[in-house]
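Please look through the sequence and the model below before reading on.

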Amino acid sequence: MSECIFCKIIAGEIPSQKVYENEYVYAFRDISPQAPVHILVVPKEHVESVANLSAENSYMVAKCFEAIAEVAKSEGLVEGFRVITNSGKAAGQTVFHLHFHLLGGKIMGESLI
């Protein structure tokens, strides 16, 4: 996806503050953090959103969540953290590449909105 900003970040064409990378996943700090720790966890393979997952590509979700567990530990989020994903424009998705927001470092209430 030549126009996808996350694909460009993964390819190193756009700089980012990388915190984690393996064969399947790239994680980096959000440029507009909503919590003291706000990291985006992105599969390296381009899939537009949760709505575009299938039996063939759903392994990426597991790989992302394995990375989230490692990143949360490395960021010291021992008291807990939140993971959020948006699917589609109506849900607030602005970059159409599947990604998960890892948020933590503060006490968060039960309400999401």
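How many salt bridges does a search of the whole structure find? The search finds 4 salt bridges, where a salt bridge means a side-chain nitrogen of Lys or Arg within 4 Å of a carboxyl oxygen of Asp or Glu. The model is predicted, so local features need a pLDDT of at least 70 and side-chain atom pairs count only at pLDDT 80 or more, while totals for chains, interfaces and linings use all residues. Residues are numbered from 1 along each chain as its sequence is written, and side-chain values use heavy atoms, with hydrogens and water left out.

**The sheet**

- An open sheet is formed by 5 strands in the order β1-β2-β3-β5-β4, with antiparallel pairing; two strands pair if DSSP finds at least two bridges between them.
- Strands β1 and β4 stand at the edges with a single partner strand each, so one side of each is left without a neighbour in the sheet.
- From one strand to the next, the twist averages 20 degrees, where axes are lines fitted to C-alpha atoms (for helices over the stretch in contact) and angles run from 0 to 180 degrees between N-to-C directions.
- Helices and strands are DSSP runs numbered from the N terminus, with at least four residues of H or I for a helix and at least two of E for a strand.

**Strand β2 and its partners**

- Strand β2, which covers residues 25–29, is mostly covered, since 4 of its 5 residues are buried; buried means under 20% relative accessible area, exposed means over 50%, and partly exposed lies in between (1.4 Å probe, protein chains only).
- Strand β1 (residues 18–21) pairs with β2 in the antiparallel sense over 3 bridges, and a hairpin of 3 residues joins β1 to β2.
- On the other pairing of β2, 5 bridges join this strand to β3 (residues 37–43), and the two run antiparallel.
- Phe-28 in β2 is the bridge partner of Lys-18, and Phe-28 also stands opposite Leu-40 in β3.
- Glu-21 stands opposite Tyr-26 in β2.

- Glu-21 forms a salt bridge with Lys-44, and their closest N and O atoms are 2.8 Å apart.
- This pair links distant parts of the chain, with Glu-21 in strand β1 and Lys-44 in the loop between β3 and α2 (59–74), 23 residues apart.
- Glu-21 is partly exposed at a relative accessible area of 37%, and Lys-44 is partly exposed at 27%.
- Lys-18, Glu-21 and Lys-44 are linked in a network of salt bridges.
- Another salt bridge brings together the side chains of Glu-75 and Arg-29, at 2.8 Å from N to O.
- Here too the pair links distant parts of the chain, with Glu-75 in the loop between α2 and β4 (81–84) and Arg-29 in strand β2, 46 residues apart.
- Glu-75 counts as partly exposed at 24% relative accessibility, and Arg-29 counts as partly exposed at 28%.

- The side chains of Glu-66 and Lys-63 meet in a salt bridge with an N to O distance of 3.9 Å.
- Glu-66 and Lys-63 are 3 residues apart in helix α2, so they are separated by about one helical turn.
- Glu-66 counts as partly exposed at 44% relative accessibility, and Lys-63 counts as partly exposed at 25%.
- As a general point, side chains of opposite charge can pair when their charged atoms come close.
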